[in-house]
Amino acid sequence: MASKAHLSFLLLSVVVASLVGSSAGVFHIVGAGKGWTIAPNQTYYADWARTRDIRVGDKLMFLYRSGVYDIVEVPTKELFDKCSMNNVTMRYQLGPTIIKLTEPGPRYYFCGVGKHCEGGQKVAVNVAPAVAAPAGLPVPTPPAALAQPAKKKL
């Protein structure tokens with residue numbers, strides 16, 4: 001079992017690493033305080049996902065120990081429901097893992113270690129389109145000198 005100091009360091013490492021990338025979007029720690037671990041019940045991760053507004057540009061942060069857990073992404077709900085390792089889209093084995101969500105639609109993840117998925121270590125998220133800029137905000141325009149190329153007199 002990981003110590004609190006180890007988990008705190010892991011979380012800090014993820015946050016620092018994520019700040020190096022784009023600042024757009026929201027970071028969602030999958031499983032909140034529990035992170036990506038064996039679920040306490042069958043609906044734990046579904047309940048977590050139901051309370052989130054996840055959009056294009058957001059990032060999912062899976063906090064887990066390499067070698068103990070992993071993340072398997074599959075393309076369909078049917079494969080997800082069966083915890084099937086057939087037709088895997090992506091497999092992440094080095095924790096922690098940050099996944100940037102670049103397209104709207106459903107995404108399906110589960111742990112492929114042992115019977116963790118069958119025990120409830122799986123999460124489906126529906127990625128909504130990115131939020132448009134609020135109406136009424138000015139759109140930056142380039143200075144007149146940059147807007148049109150300079151014309152040369154002949």
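In which loop does Asp70 lie? In this predicted model, local features require a pLDDT of at least 70 and side-chain atom pairs count only at pLDDT 80 or more, whereas totals for chains, interfaces and linings use all residues. Residues are numbered from 1 along each chain as its sequence is written, and side-chain values use heavy atoms, with hydrogens and water left out.

Asp70 was located in the loop between strand 2 (59–62) and strand 3 (71–74); helices (H or I, at least four residues) and strands (E, at least two) are DSSP runs numbered from the N terminus. Asp70 is buried, its relative accessible area being 2%, where buried denotes under 20% relative accessible area (1.4 Å probe, protein chains only). A polar atom of the Asp70 side chain lies 2.6 Å from the backbone nitrogen of Gly112. When residues up to four places away in sequence are not counted, Asp70 touches Trp36, Tyr64, Arg91, Tyr92, Gln93, Phe110, Cys111, Gly112 and Val113, contact meaning heavy atoms within 4.5 Å.

Thr97 belongs to strand 5 (residues 97–100) and is likewise buried, with a relative accessible area of 6%. The Thr97 side chain reaches the backbone oxygen of Leu94 at 3.2 Å. Beyond its neighbours within four places in sequence, Thr97 contacts Leu60, Met61, Phe62, Tyr64, Ile71 and Tyr92.

Thr37 was found in the loop between strand 1 (27–29) and helix 2 (44–50). Although Thr37 and Tyr69 are 32 residues apart in sequence, their C-alpha atoms are 7.1 Å apart in space. With neighbours within four places in sequence left aside, Thr37 is in contact with Tyr45, Tyr69 and Gln121.

Key
Buried means under 20% relative accessible area, exposed over 50%, partly exposed in between (1.4 Å probe, protein chains only). A polar contact is a pair of N or O atoms within 3.5 Å; within protein, one must be able to donate a hydrogen and the other to accept it, and residues adjacent in sequence count only if both atoms are side-chain atoms.
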